[in-house]
Amino acid sequence: MIQVKALARAVAQVWRNHDCGLNMNAEQSLYERLGGSLVLPDLVQRFYARVQSDPQLARYFDAADMIRLGRMQTEFLCRVLGGPCTGPGTSLAQVHRHLGINLHDYQRFMQLLFETLAVYQLSQEECYEVIGRMDRYTDEVVDRSTGAAE
C-alpha cells in the first residue's frame, strides 16, 4: 500500500503543477499529505493489527468489532487531519468511558500509531503533527480515575 501513497502524492503534485484555476497551490491538509482516502484505511488496518498483538493493549480489543472500529478510526483520523469527513462526530468520552483507559496505555497506543505512521515513510515532523493532533483528545479518552501508571 506504500506504492498507493506514492501514487497519491504524484497525482497531487501533477494537480499542483497544473492549477487549472482551482487554487490547487494552496497548502494541502495533513490528510492530503498523508495520502488521503487512498492510504488512510490501510494505515488504520495496519495500526490496529499492531494494537491487537500488543500484550499491553490487546485486552481493550478482545470483544471489539474491529471492522466497525476501523471505520470509526478512519473517520476520526480523517476529521482530525483535515480531510473530507462524511459521518457524524461521536463523543470520544462517551465511546471510551467504559474502558477505563489509563495514561500509560494511551501513551503506548500513541507510540504504536507513531511507529505505524513511520512505515508509510512520513517525515518525522509529519508523524509528530499527527500525534499532536491526536493528543488534543487525551482527556476524552483517558480515565484519570484509574490512577494506573500516571
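**Close-up views of a predicted model**

**Figure 1. Residue classes around the largest cavity.** The structure shown is a predicted model. The residues that line this cavity are Tyr31, Leu34, Gly36, Val39, Leu40, Leu43 and Leu81. Two helices, helix 2 (30-34) and helix 3 (40-53), each supply at least two residues of the lining. The volume of the largest cavity is about 40 Å³. A search of the whole structure finds one cavity of 30 Å³ or more.

**Figure 2. The largest nonpolar core.** This core has 36 residues, and those with the most contacts inside it are Leu81 and Leu113. At least two core residues come from each of helix 2, helix 3, helix 4 (66-80), helix 6 (103-119) and helix 7 (124-135). Helix 6 gives the most, with seven residues.

**Figure 3. The surroundings of Leu113.** Which residues does Leu113 touch, not counting residues up to four places away in sequence? They are Leu43, Phe47, Val130, Ile131 and Met134.

**Figure 4. Aromatic pairs around Phe47.** The structure holds six aromatic pairs. One is formed by Phe47 and Tyr48, with 5.1 Å centre to centre and 50 degrees between the planes, and this pair is tilted. Both Phe47 and Tyr48 are buried. Why is the pair of Phe47 and Phe109 edge-to-face? The planes of these two rings stand at 75 degrees, with the centres 4.8 Å apart, and an angle over 60 degrees counts as edge-to-face. Phe47 lies in helix 3 and Phe109 in helix 6, so the pair ties together parts that are 62 residues apart in sequence.

**Figure 5. Burial within the ring cluster.** Phe47, Tyr48, Phe61 and Phe109 are linked into a cluster by ring pairs. Are Phe47 and Phe109 buried or exposed? Phe47 has a relative accessible area of 1% and is buried. Phe109 has a relative accessibility of 13% and counts as buried too, because buried means under 20% relative accessible area.

Notes:
Residues are numbered from 1 along each chain as its sequence is written. This is a predicted model: local features need pLDDT of at least 70, side-chain atom pairs count only at pLDDT 80 or more; totals for chains, interfaces and linings use all residues. Side-chain values use heavy atoms; hydrogens and water are left out. On a 1 Å grid over the protein atoms alone, a cavity is a set of points where a 1.4 Å probe fits but cannot get out, and a pocket is an open set with protein on both sides within 12 Å along at least five of seven lines; lining residues have an atom within 4 Å of a point. Grid points are joined across faces, edges and corners, and a volume is the space filled by probe spheres set on the points. Helices (H or I, at least four residues) and strands (E, at least two) are DSSP runs, numbered from the N terminus. A nonpolar core is a set of buried Ala, Val, Leu, Ile, Met, Phe, Trp, Tyr and Cys residues joined through side-chain atoms within 4.5 Å. Buried means under 20% relative accessible area, exposed over 50%, partly exposed in between (1.4 Å probe, protein chains only). Contact means heavy atoms within 4.5 Å. Rings of Phe, Tyr and Trp (its six-membered ring) pair if their centres lie within 6.5 Å; planes under 30 degrees apart count as stacked, over 60 as edge-to-face and the rest as tilted.
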